[in-house]
Amino acid sequence: MKIKILEMIALNLILLFILIGCEKEFDNVIVNSNPDYQVKMVTPSDSIQYNPVDSLIIIRIAFNSAQNIRSVYCDVYAADNSKLNTSPLSLLDNGKIANGDSVANDGSFANKIPLSKTYPNGIYNIKYFVTDNSNSTNQVALGTFKFDNRQSNFAPIISNDIVDPDTAIVTDTTIILTSINVIDQNGLSDILIVYFVVYKPDGTTSGTQNFMFDDGDLSQHGDQFARDGIYSLLVQITSANDKGTYKLEFRAKDRGGKLSNIINHSLLIQ
């Protein structure tokens with residue numbers, strides 16, 4: 001069976017898996033260098049656990065010189081790529097403990113941001129930006145850390161599978177809608193992937209995971225509403241496909257690695 005998935009989406013998923021798989025590496029990556037302000041250090045850069053007493057963490061970036069720096073800010077992205085700060089988080093070199101800075105004018109800029117127990121587990125990204133005295137703004141560093149929300153991890157549950165139509169007389173290209181409902185006690189942000197594996201009429205399979213989407217892209221994926229827990233994918237079938245009964249095996253996986261129940265749905269191609 002030929003599955004039509006946009007190449008760019010497939011590439012983004014591959015990059016996502018690579019990022020999530022890096023559980024032991026939290027080295028900071030400097031992505032921009034300026035002779036007037038060299039980045040010396042960014043934090044956090046290790047593993048962080050949710051603290052119910054004090055959920056604030058300090059975000060910091062230090063430079064060898066701040067003479068040509070007008071302002072510094074950052075954006076923080078959770079493991080599901082959602083942005084935690086609604087507006088740019090200003091980092092300050094003012095010597096005020098309230099924003100996490102201990103010494104004023106030492107080239108170290110900091111501020112605090114809360115982490116919630118409802119945020120998903122996984123690798124978080126911090127993008128650091130500098131506006132210099134010429135009013136030019138550039139990203140100067142990318143920091144990463146791993147977040148553990150310390151909540152019990154429950155496996156996702158899938159239900160209400162749809163393959164429409166599930167019986168097709170194929171003489172030309174036919175588009176079939178597949179969809180599945182997914183729930184997770186840890187929240188939808190804990191869902192890592194939803195997919196199905198296709199078994200041919202002779203029982204063989206390549207094992208390919210055909211990823212489904214909850215992005216509201218009706219034309220490309222057949223998904224009506226984003227972030228409603230219904231994952232969809234449009235399947236393209238042609239007369240070249242083997243005739244007979246196919247099995248579509250649906251499953252979901254969360255960020256903690258737990259797998260959902262399995263649902264099988266038959267698709268008859270004549």
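The model is predicted, so local features need pLDDT of at least 70 and side-chain atom pairs count only at pLDDT 80 or more, while totals for chains, interfaces and linings use all residues. Residues are numbered from 1 along each chain as its sequence is written, and side-chain values use heavy atoms, with hydrogens and water left out.

**Exercise 1.** Describe the setting of Asp75, stating whether the residue is buried or exposed.

*Solution.* Begin with the strand: Asp75 is found in β4 (residues 69-77), strands being DSSP runs of E with at least two residues, numbered from the N terminus. Next, the relative accessible area of Asp75 is 7%, so the residue is buried (under 20%; exposed is over 50%, partly exposed in between, with a 1.4 Å probe and protein chains only). Finally, Asp75 forms a salt bridge with Lys83 (3.5 Å, N to O), defined as a side-chain nitrogen of Lys or Arg within 4 Å of a carboxyl oxygen of Asp or Glu, and Lys83 is partly exposed at 39%.

**Exercise 2.** Identify the salt-bridge partner of Arg60 and locate both residues.

*Solution.* The partner is Asp101, with the closest N and O atoms 3.7 Å apart. This pair links distant parts of the chain, 41 residues apart: Arg60 lies in strand β3 (residues 56-63), and Asp101 in the loop between β5 (89-91) and β6 (108-114). Arg60 is buried at 16% relative accessible area, and Asp101 also counts as buried, at 1%.

Definitions and conventions. Helices (H or I, at least four residues) and strands (E, at least two) are DSSP runs, numbered from the N terminus.
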